[in-house]
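Dear colleague,

I am passing on a structure for you to look through, with my notes below it. Please read the notes with the model open beside them.

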Amino acid sequence: MAVRHPLLGVLVTLVWTAILAPLLLIPIVVFRWLALPAEISLFYGVAAVAVAGAVAGRSGTFAFAAFPVAFLGAFLGYAVFTAIATPPVDLLFTAIHATVAGLAAWAVATVKMAKVRSKVNLENEDKRRCRLCGARVGPRATRCWSCKASLNRIT
Ligand SMILES: [Zn+2]
(Lines give C-alpha, C1' and ligand atoms only; values in the text may rest on other atoms or scores of the structure.)
Protein backbone atom coordinates (compact mmCIF):
# COMPACT_ATOMS: atom_id res chain seq x y z
CA MET A 1 0.00 0.00 0.00
CA ALA A 2 1.33 3.39 -0.97
CA VAL A 3 2.16 5.71 1.89
CA ARG A 4 0.41 9.01 1.34
CA HIS A 5 0.47 12.25 3.14
CA PRO A 6 -2.36 12.36 5.73
CA LEU A 7 -3.61 15.69 4.38
CA LEU A 8 -3.87 14.20 0.91
CA GLY A 9 -6.06 11.45 2.36
CA VAL A 10 -8.33 14.07 3.92
CA LEU A 11 -8.56 15.92 0.62
CA VAL A 12 -9.30 12.72 -1.32
CA THR A 13 -12.12 11.84 1.08
CA LEU A 14 -13.57 15.35 0.90
CA VAL A 15 -13.49 15.56 -2.89
CA TRP A 16 -14.74 11.99 -3.33
CA THR A 17 -17.82 12.54 -1.16
CA ALA A 18 -18.54 15.96 -2.65
CA ILE A 19 -18.45 14.49 -6.18
CA LEU A 20 -19.91 11.03 -5.53
CA ALA A 21 -22.89 12.15 -3.45
CA PRO A 22 -24.49 14.32 -6.20
CA LEU A 23 -23.65 11.73 -8.88
CA LEU A 24 -25.37 8.96 -6.93
CA LEU A 25 -28.32 11.26 -6.22
CA ILE A 26 -29.08 11.89 -9.91
CA PRO A 27 -31.65 9.00 -10.06
CA ILE A 28 -33.77 11.01 -7.58
CA VAL A 29 -34.44 13.48 -10.40
CA VAL A 30 -35.58 10.53 -12.54
CA PHE A 31 -37.79 9.29 -9.67
CA ARG A 32 -39.46 12.71 -9.60
CA TRP A 33 -40.08 12.63 -13.34
CA LEU A 34 -41.64 9.21 -12.97
CA ALA A 35 -43.73 10.61 -10.08
CA LEU A 36 -42.64 7.82 -7.75
CA PRO A 37 -43.59 8.14 -4.06
CA ALA A 38 -41.41 10.49 -2.00
CA GLU A 39 -40.45 7.59 0.28
CA ILE A 40 -38.53 5.94 -2.55
CA SER A 41 -36.51 9.11 -3.17
CA LEU A 42 -35.88 9.46 0.54
CA PHE A 43 -34.78 5.85 0.96
CA TYR A 44 -32.62 6.00 -2.14
CA GLY A 45 -31.09 9.33 -1.08
CA VAL A 46 -29.97 7.95 2.29
CA ALA A 47 -28.56 4.82 0.64
CA ALA A 48 -26.76 6.93 -1.98
CA VAL A 49 -24.96 9.15 0.55
CA ALA A 50 -24.08 6.07 2.62
CA VAL A 51 -22.43 4.52 -0.44
CA ALA A 52 -20.65 7.79 -1.25
CA GLY A 53 -19.36 7.99 2.32
CA ALA A 54 -18.26 4.35 2.33
CA VAL A 55 -16.35 4.72 -0.94
CA ALA A 56 -14.72 7.92 0.27
CA GLY A 57 -13.84 6.29 3.60
CA ARG A 58 -12.09 3.49 1.76
CA SER A 59 -10.14 5.84 -0.45
CA GLY A 60 -8.52 8.10 2.02
CA THR A 61 -8.20 9.39 5.45
CA PHE A 62 -7.74 7.98 8.97
CA ALA A 63 -10.77 6.81 10.91
CA PHE A 64 -11.04 9.76 13.30
CA ALA A 65 -11.01 12.28 10.45
CA ALA A 66 -13.28 10.28 8.14
CA PHE A 67 -16.51 11.33 9.85
CA PRO A 68 -16.12 15.15 9.81
CA VAL A 69 -14.48 15.13 6.38
CA ALA A 70 -17.11 12.91 4.74
CA PHE A 71 -19.82 14.89 6.55
CA LEU A 72 -18.49 18.12 5.06
CA GLY A 73 -18.07 16.58 1.61
CA ALA A 74 -21.56 15.08 1.57
CA PHE A 75 -23.06 18.28 2.99
CA LEU A 76 -21.55 20.34 0.16
CA GLY A 77 -22.42 17.72 -2.45
CA TYR A 78 -25.99 17.28 -1.24
CA ALA A 79 -26.60 21.03 -0.89
CA VAL A 80 -25.31 21.70 -4.42
CA PHE A 81 -27.37 18.81 -5.80
CA THR A 82 -30.54 19.99 -4.06
CA ALA A 83 -30.00 23.59 -5.15
CA ILE A 84 -29.76 22.49 -8.80
CA ALA A 85 -32.10 19.50 -8.98
CA THR A 86 -34.76 19.79 -6.29
CA PRO A 87 -34.73 23.27 -4.68
CA PRO A 88 -35.11 24.67 -2.11
CA VAL A 89 -32.18 23.45 0.01
CA ASP A 90 -33.31 22.04 3.36
CA LEU A 91 -30.36 22.41 5.72
CA LEU A 92 -31.66 19.94 8.31
CA PHE A 93 -32.33 17.38 5.61
CA THR A 94 -28.88 17.98 4.16
CA ALA A 95 -27.29 17.59 7.60
CA ILE A 96 -29.08 14.25 8.16
CA HIS A 97 -27.83 12.91 4.84
CA ALA A 98 -24.33 14.20 5.55
CA THR A 99 -24.39 12.43 8.95
CA VAL A 100 -25.24 9.14 7.22
CA ALA A 101 -22.34 9.64 4.80
CA GLY A 102 -20.00 10.51 7.67
CA LEU A 103 -20.98 7.42 9.67
CA ALA A 104 -20.49 5.19 6.63
CA ALA A 105 -17.07 6.71 5.94
CA TRP A 106 -16.07 6.37 9.58
CA ALA A 107 -17.14 2.71 9.73
CA VAL A 108 -15.32 1.79 6.53
CA ALA A 109 -12.17 3.72 7.50
CA THR A 110 -12.12 2.01 10.91
CA VAL A 111 -12.35 -1.46 9.38
CA LYS A 112 -9.69 -0.56 6.84
CA MET A 113 -7.34 0.78 9.52
CA ALA A 114 -7.77 -2.34 11.64
CA LYS A 115 -6.74 -4.47 8.67
CA VAL A 116 -3.69 -2.35 7.94
CA ARG A 117 -2.64 -2.41 11.58
CA SER A 118 -2.90 -6.21 11.89
CA LYS A 119 -0.80 -6.59 8.73
CA VAL A 120 1.89 -4.33 10.16
CA ASN A 121 1.92 -6.32 13.40
CA LEU A 122 2.37 -9.60 11.56
CA GLU A 123 5.27 -8.22 9.53
CA ASN A 124 7.00 -6.99 12.67
CA GLU A 125 6.49 -10.34 14.35
CA ASP A 126 8.18 -12.10 11.45
CA LYS A 127 11.15 -9.80 11.67
CA ARG A 128 11.62 -10.40 15.36
CA ARG A 129 12.52 -14.04 15.19
CA CYS A 130 16.00 -15.34 15.81
CA ARG A 131 17.63 -16.18 12.46
CA LEU A 132 19.54 -19.11 13.91
CA CYS A 133 17.05 -20.99 16.06
CA GLY A 134 13.74 -19.37 15.16
CA ALA A 135 12.84 -18.41 18.72
CA ARG A 136 10.59 -15.39 19.09
CA VAL A 137 12.41 -12.43 20.53
CA GLY A 138 11.26 -9.10 21.91
CA PRO A 139 11.12 -6.04 19.67
CA ARG A 140 14.19 -4.45 21.25
CA ALA A 141 16.23 -7.57 22.03
CA THR A 142 19.81 -7.49 20.77
CA ARG A 143 20.63 -11.07 21.73
CA CYS A 144 18.56 -14.26 21.39
CA TRP A 145 17.39 -15.50 24.77
CA SER A 146 17.60 -19.11 23.54
CA CYS A 147 20.84 -19.56 21.61
CA LYS A 148 22.54 -16.24 22.55
CA ALA A 149 23.08 -15.30 18.91
CA SER A 150 23.39 -11.60 18.18
CA LEU A 151 20.23 -10.16 16.62
CA ASN A 152 21.84 -7.00 15.26
CA ARG A 153 22.38 -8.36 11.78
CA ILE A 154 19.67 -7.18 9.44
CA THR A 155 19.05 -10.03 7.07
ZN1 LIG B 1 18.37 -18.06 18.76
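The structure holds three aromatic pairs, a pair being two rings of Phe, Tyr or Trp (its six-membered ring) whose centres lie within 6.5 Å, with planes under 30 degrees apart counted as stacked, over 60 as edge-to-face and the rest as tilted. One of them joins Phe31 and Tyr44, whose ring centres are 5.4 Å apart and whose planes stand at 85 degrees, so this pair is edge-to-face. Because Phe31 lies in helix α1 and Tyr44 in helix α2, the pair ties together parts that are 13 residues apart in sequence. Phe31 is buried, with a relative accessible area of 17%, while Tyr44 is partly exposed at 25%; here buried means under 20% relative accessible area, exposed over 50% and partly exposed in between (1.4 Å probe, protein chains only). Phe67 and Phe71 form a tilted pair, at 6.2 Å centre to centre and 35 degrees between the planes. Both of these residues lie in helix α3, four residues apart, about one turn of the helix, and Phe67, Phe71 and Phe75 form one aromatic cluster.

Before going further, please note that this is a predicted model, in which local features need pLDDT of at least 70 and side-chain atom pairs count only at pLDDT 80 or more, whereas totals for chains, interfaces and linings use all residues. Residues are numbered from 1 along each chain as its sequence is written, and side-chain values use heavy atoms, with hydrogens and water left out.

As for the overall fold, the chain has four helices and zero strands, where helices (H or I, at least four residues) and strands (E, at least two) are DSSP runs numbered from the N terminus. Of its 155 residues, 30% count as buried.

The largest nonpolar core has twelve residues, among them Leu20, Leu25, Ile28, Val49, Tyr78 and Phe81; such a core is a set of buried Ala, Val, Leu, Ile, Met, Phe, Trp, Tyr and Cys residues joined through side-chain atoms within 4.5 Å. The elements that give two or more residues to this core are α1 (6–33), α2 (38–59), α3 (63–85) and α4 (91–127), and the largest share, four residues, comes from α1. Apart from this core lies another, of six residues, including Ala135, Val137, Ala149 and Leu151.

Two residues are worth a look here. Tyr78, in helix α3, is buried at 8% relative accessible area and, leaving aside neighbours within four places in sequence, is in contact (heavy atoms within 4.5 Å) with Leu25, Val49, Phe93, Thr94 and His97.

Cys144 counts as buried at 1% relative accessibility, whereas Cys147 counts as partly exposed at 34%.

With best regards
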